[in-house]
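Please look over the sequence and the 3D structure shown here before reading the notes on nonpolar cores and charged pairs that follow them.

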Amino acid sequence: GTDLGTSFKDGLSVNARWGTTDPATTAQNGKWQVGAVVYEAPVAEPVPVPVYTSSQITNASPDVLELTYNLTLANIIPAASVFAVTVNSTARSISLVAVSGSKVLLTLSSPVVYGNIVTVAYTKPSGNPLQTAAGGQAASFTSTPVTNNRIAPSNQPPAVSISSPAKSTAFISPATITIDAVASDTDGTVTKVEFFQGSVKLGERTSTPYSFTWKDVNAGTYSLTAVATDNSNSKTTSAAVSVVVEKTAVAINQTPAISISSPGNNSTFEAPATINLTANASDADGSVTKVEYFNGSVKIGESLASPFSFSFECADSGILEITAMATDNMGASTPSAPVKISVTLKKAYPDLINLYPNPNYGQFSIDYSSSLPDVTKTVTITSLTGQTVFYGILAEGENTRQFDLSHFASGHYILIITSGNQIVTTKKFIKN
């Protein structure tokens, strides 16, 4: 209430605020007005940022990798190059990127299959990054595992056929009939082959060659079948083969019998190699005049006398399917069951890998010598039938690797390390 004079004619308003501008003033009318309040300048709320939560491959869309974020994303599509996808440690290219709600959909160049190990990474670009409508931008993330929801394929039944005797072959009573069958399983192993005459079981074999000798067969007409069982207990019955056993003494030529005795089925050679073939051939009512050898349908040689051996040079790698054809003195011929031979290229650095444990249940490790060339190498695992079950890259300086093949069938496998077009070293192992 005291008049302070004209020096305080103008002063702060009772509504004065301090912020980004000078506070308001008002005429004092000769009196000092008090009660002004100092306010804090308003601060803008932060924009929420979308956070990556998970990713998966669904069984329904095996060629689409689905990434999920915690917020709905704007329909702003980044370039495919900002994502990195690997399948079993090998880069898989991306053909299309799409945004739908809180999900980012990456269409891959080829589908993912059951058991593949998949990872994904995202590098935030300077233009068109993943973001919300409010402008919150998703951060980069490094290589992260992707859930693979592909369902394991259903078991495929084995294949089986009777290779000998041929349909309508005639025999003389009392007859000795050798029944040969060929059996295979594309996704496992054949555990046994049973031989039947009608519904009567004659015998069985649990390993190759699948052959059974039926002795002292009386006159009559018989229907022969073979039943193959695989490691998942699926069974397949071959087409029936009808044979006739005559009781008359009329001379009917019997076809010769033949089987390859060496090398054994699934033998492995290192190229260049000299492969020696030997067959056991006989003719119950005559003599064997020659044995011809074939790789598939291509004749590679013949032998005219016991022990019916033949040698050939093999310079290339691959899987050979060798059969022998016996011809008797009456011109009748019989093919043997096929024998598969695996030929690999000579290794430049032998015995430089340690694989353990061996045998194993599909989970194992490898260590390899530091004397191997320090360059990028590939590792391939194949079955003895030539089926590739694993392929990956070994980086420079990487001297150890762990594997998990527990979902594959039991059997023998070959691990091959290559550099460029050259096989560096191999190791055979057994999966129980």
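**Cores and salt bridges in a predicted model**

The largest nonpolar core has 24 residues, and those with the most contacts inside it are L65, Y69, F83, V104, L106 and V120. A nonpolar core is a set of buried Ala, Val, Leu, Ile, Met, Phe, Trp, Tyr and Cys residues joined through side-chain atoms within 4.5 Å, where buried means under 20% relative accessible area, exposed over 50% and partly exposed in between (1.4 Å probe, protein chains only). This is a predicted model, in which local features need pLDDT of at least 70 and side-chain atom pairs count only at pLDDT 80 or more, while totals for chains, interfaces and linings use all residues. Residues are numbered from 1 along each chain as its sequence is written, and side-chain values use heavy atoms, with hydrogens and water left out.

- Leaving aside residues up to four places away in sequence, F83 touches P78, I94, V97, V104, L106, A121, Y122 and L130, a contact being heavy atoms within 4.5 Å.

**Salt bridges**

- The structure holds eight salt bridges, each a side-chain nitrogen of Lys or Arg within 4 Å of a carboxyl oxygen of Asp or Glu.
- K201 pairs with E194 in a salt bridge whose closest N and O atoms are 3.0 Å apart; K201 is partly exposed at 39% relative accessibility, whereas E194 is buried at 10%.
- K192, E194, K201, E204 and K235 are linked in a network of salt bridges.
- E292, buried at 12% relative accessibility, forms a salt bridge with K290 at 3.9 Å between the closest N and O atoms and another with K299 at 2.9 Å.
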